[in-house]
Amino acid sequence: MDNKILTAMDTIIITTDFSEAAMTATRYAAGLAKSIGISRILLYHSYDNAPTATDIPVAETDTILAHEGSMLALEIVEREIRLILGSESGIAVELFANGLPLELGVEQLAEQWHAGLVVVGTTGKSGLERFIVGSNTVSLASSCPAPLMIVPKDAEFEGVKKIVFACDLKQVTRTTPVSEIGWWLENLGAKLLVLNVALEGKRFNPDTIPEQYKMHKLLDDFKPEYHYEEGEDVVEEIADFAEDKDADLVITVPKSYGFFEGLFHRSVSKRLTEKVEVPLLLLREKSL
């Protein structure tokens with residue numbers, strides 16, 4: 001396994017806007033952090049409320065007050081995190097707040113601290129559009145240098161026993177992040193279920209069978225179950241499968257079968273987050 005991945009997972013970033021959904025994600029992330037033995041949590045809030053369609057400057061006093069208020073609120077969240085971590089965990093919690101756009105602030109923190117994971121909630125103060133449909137998380141999922149975990153609004157961390165890896169069968173060798181999947185399986189003690197969903201009625205692609213062989217070659221060492229399904233809606237099939245199998249986590253690569261576009265479509269996202277209370281982990285494509 002890639003030692004770089006193991007080292008990077010020493011640190012995770014939790015983003016918060018202080019909503020109840022964000023607190024749910026924070027509690028989940030704290031439980032996860034304790035479970036996988038990370039050493040540092042970066043708790044981050046962006047107070048980027050500057051007008052976007054005007055040149056009116058934000059007063060310096062407003063910025064100072066926003067920063068001070070954010071830091072006080074982060075201290076309250078930190079106390080909640082420490083209750084979950086316990087006094088003997090040894091996990092450091094660092095607080096950060098600034099006026100950068102969410103995605104830029106997260107990118108800078110991730111690169112500076114070599115973070116191995118970023119955690120966000122599914123809804124925020126302005127509803128579903130704020131995180132799932134809004135440009136912040138779309139940009140974050142596209143540009144974040146670390147894997148991104150999206151936590152549903154009612155999720156509770158109770159361990160991870162089953163992981164679904166939802167994948168397509170295109171350029172398998174180039175795109176499958178095998179070492180990262182292996183890291184999660186090993187550190188969570190979880191079983192892997194590999195799922196491919198083909199669109200119903202779509203013309204058979206002759207590359208499918210060779211790509212299946214490649215997938216088996218890459219993942220067979222993890223002793224997974226392989227499932228090949230058909231359906232009219234890929235995202236809904238993944239959600240149904242995760243629910244049927246009592247999965248605790250779904251992993252995918254955002255570029256997989258247009259999954260990124262489907263995931264952030266309003267109606268699909270709303271249906272997915274309402275129907276399945278399973279966190280979604282977006283991994284990067286394997287580095288060549």
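**Entry 1: helix α4**

I looked up which residues of helix α4 are buried, and I found Leu-102, Glu-103, Gly-105, Val-106, Glu-107, Leu-109 and Ala-110. Buried means under 20% relative accessible area, exposed means over 50%, and partly exposed lies in between, with a 1.4 Å probe and protein chains only. Helices here are DSSP runs of H or I with at least four residues, strands are runs of E with at least two, and both are numbered from the N terminus.

The model is predicted: local features need pLDDT of at least 70, side-chain atom pairs count only at pLDDT 80 or more, and totals for chains, interfaces and linings use all residues. Residues are numbered from 1 along each chain as its sequence is written, and side-chain values use heavy atoms, with hydrogens and water left out.

I then checked the length of α4, which covers residues 102–113 and has 12 residues. From its first C-alpha to its last, α4 reaches 16 Å, close to the 16 Å expected at 1.5 Å a residue. The expected span is 1.5 Å times one less than the number of residues in the helix. Just after α4, I noted His-114, with a positive phi of about 55 degrees.

**Entry 2: the chain as a whole**

I recorded 12 helices and 10 strands in the protein chain. Of its 288 residues, 50% are buried. The accessible surface of the chain is about 14200 Å², and 51% of this surface belongs to carbon and sulfur atoms. Such areas come from the Shrake-Rupley method with a 1.4 Å probe; for residues, only the protein chains shown count as cover.

I also looked at contacts with a separation of 6 or more: residues 24 or more positions apart account for 85% of them. A contact means heavy atoms within 4.5 Å.

**Entry 3: helices α2 and α8**

At what angle do α2 and α8 pack? I read an angle of about 85 degrees between helix α2 (residues 20–36) and helix α8 (residues 178–188), with their axes 9 Å apart. The axes are lines fitted to C-alpha atoms, for helices over the stretch in contact, and angles run from 0 to 180 degrees between N-to-C directions. The two helices are therefore roughly perpendicular to each other. Angles of 65 to 115 degrees count as roughly perpendicular, under 35 as roughly parallel, over 145 as roughly antiparallel, and the rest as oblique.

On the α2 side of the contact I found Leu-32, Ser-35 and Ile-36, which meet Trp-183, Trp-184, Asn-187 and Leu-188 in α8. These residues divide into 5 nonpolar, 2 polar and no charged. In this scheme Ala, Val, Leu, Ile, Met, Phe, Trp, Tyr, Cys and Pro are nonpolar, Asp, Glu, Lys and Arg are charged, and the others, Gly among them, are polar.

**Entry 4: positive phi values**

I kept a general point in mind: most residues other than glycine have a negative phi.

In the loop between β1 (11–15) and α2 I found Phe-18. Its phi is positive, near 75 degrees, although Phe-18 is not a glycine. Phe-18 counts as partly exposed, at 26% relative accessibility.

I found Lys-223 in the loop between α9 (208–219) and β8 (225–231). Lys-223 also has a positive phi, of about 50 degrees. Is Lys-223 buried or exposed? Lys-223 is exposed, with a relative accessible area of 65%.

Asp-246 follows α10, and its phi is positive, near 55 degrees. Within helix α10 (residues 234–244), the buried residues are Val-234, Val-235, Ile-238, Ala-239, Asp-240, Phe-241 and Ala-242.

**Entry 5: pairs separated along the chain**

Ser-19 lies in the loop between β1 and α2, and at 12% relative accessibility I list Ser-19 as buried. Ser-19 and Gly-121 are 102 residues apart along the chain, yet their C-alpha atoms are separated by 9.3 Å.

Ala-166, in strand β6 (residues 162–166), is buried with a relative accessible area of 0%. I noted 8.0 Å between the C-alpha atoms of Ala-166 and Val-197, which are 31 residues apart along the chain.

Asn-196 belongs to strand β7 (residues 191–199) and is buried, with a relative accessible area of 10%.
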